[in-house]
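Please read the following walk through one protein chain with its sequence and 3D structure in view.

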Amino acid sequence: VSTQSTWVIQTHLYSSELSKLIANAMLAQRISSMNAASAICEEVGADVNEVSKAVGLDPNIGSRYLKASPGFGGSCLTKDILNLIYICESLGLEEVALYWNAILQMNNYQKNRFVSRIINVFSGYDFSQKIICIYGITYKKNTDDSRESVALHVVNQLVNRDFQLRIYDPQASVFKFETELSVFQEFDEEKFRSNSKPVSYTHLTLPTIYSVQIS
């Protein structure tokens, strides 16, 4: 059924629910697949951007959601995959549940790998003397929503290792971000407030600041 520019598809109730869950799961799958490829590329010396471009030229695949990243965040993709896993386990489809769960495992691996690379760059240095600027704390660009963003994980890990952080996002509230950080059991609020602070764009060119673009 077409209503002007909007299409309405009539389906079975279960088909409708599964269509939504599987659509988001497959988007997450593409992101995790390219992030898995990025780990291989780094080991063999390949350029993941070149691989992504080449793969995206295949019309059967397309180029969307093939950009390597620190991982996916937000409240939708993970929630829908967990919902799929629950449905599969409830139906006794253990192998299928493991398949969808592997996407989340790959995403967690990528987030941890991203933090490890930052730490390795400064190996042997006094972390408290190094300033890291975090560009973007939302789960994607052009939004003020930082719920379950990758930046939450990154900032929490770096603060716990005594890095000095400068946080910048043109749309998000750093104070709201701090509230969301409190969900981590190991989150140290006092350390976060002493080791990190929001900054304006004009302060981001200081030579002592190393930049990390997340969203």
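C41 is buried, with a relative accessible area of 6%. The value for C88 is 6% as well, and this residue is buried because its relative accessible area falls under the 20% cut-off. These two cysteines raise the topic of sulfur bonds. A disulfide is a covalent bond that joins the sulfur atoms of two cysteines. A search of the whole structure finds 0 disulfides. All of this is read from a predicted model, as is everything below.

Now take the chain as a whole. It has 215 residues, and 41% of them count as buried. The chain contains 7 helices and 6 strands. Starting at the N terminus, these elements follow the order β-β-α-α-α-α-β-α-β-α-α-β-β. Which part of the contacts with a separation of 6 or more comes from residues 24 or more positions apart? Such pairs account for 77% of those contacts in the protein chain. The accessible surface of the chain is about 13100 Å², and carbon and sulfur atoms hold 54% of that surface.

Next, look at helix 5, which covers residues 150-160. Is this helix mostly covered or mostly open? It is mostly covered, since 10 of its 11 residues are buried. Among the buried residues of helix 5 are V150, L152, H153, V154 and N156. Helix 5 is followed by D162, and the phi of D162 is positive, near 70°.

Is I134 buried or exposed? I134 has a relative accessible area of 0%, so it counts as buried. Along the chain, I134 and V154 are 20 residues apart, and their C-alpha atoms are separated by 9.2 Å. V154 is one of the buried residues of helix 5.

Between strand 3 and helix 5 there is a loop, and E148 has its place in that loop. Backbone angles are the topic here. Most residues other than glycine have a negative phi. E148 is not a glycine, yet its phi is positive, about 55°. Its relative accessibility is 47%, and therefore E148 counts as partly exposed. Y65 is another residue with a positive phi, of about 60°, although it is not a glycine. The loop that holds Y65 lies between helix 2 (48-56) and helix 3. Y65 counts as partly exposed because its relative accessibility is 36%.

Rolling a probe the size of a water molecule over the atoms shows where empty space is left. The second largest pocket holds about 290 Å³ of space. It is lined by 17 residues, and those closest to its centre are T78, N107, N108, K111 and E148. Which helices each supply at least two residues of this lining? They are helix 3 (77-90), helix 4 (94-121) and helix 5. Helix 4 gives the most to the lining, with 4 residues. What classes of residue make up the lining of the second largest pocket? By class, it has 7 nonpolar, 7 polar and 3 charged residues.

Terms used: Residues numbered from 1 in each chain as written. Predicted model: local features only at pLDDT ≥ 70, side-chain atom pairs only at ≥ 80, totals over all residues. Heavy atoms only, no water. Buried < 20%, exposed > 50% of the residue type's maximum accessible area, 1.4 Å probe, protein only. Contact = heavy atoms within 4.5 Å. Areas by Shrake-Rupley, 256 points an atom, 1.4 Å probe, with all protein chains shown as cover. 1 Å grid on protein atoms, 1.4 Å probe; cavity = no way out; pocket = protein on both sides within 12 Å on 5 of 7 lines; lining within 4 Å. Points joined across faces, edges and corners; volume = space filled by probe spheres on them. Nonpolar A, V, L, I, M, F, W, Y, C, P; charged D, E, K, R; others polar. Disulfide = S-S within 2.5 Å.
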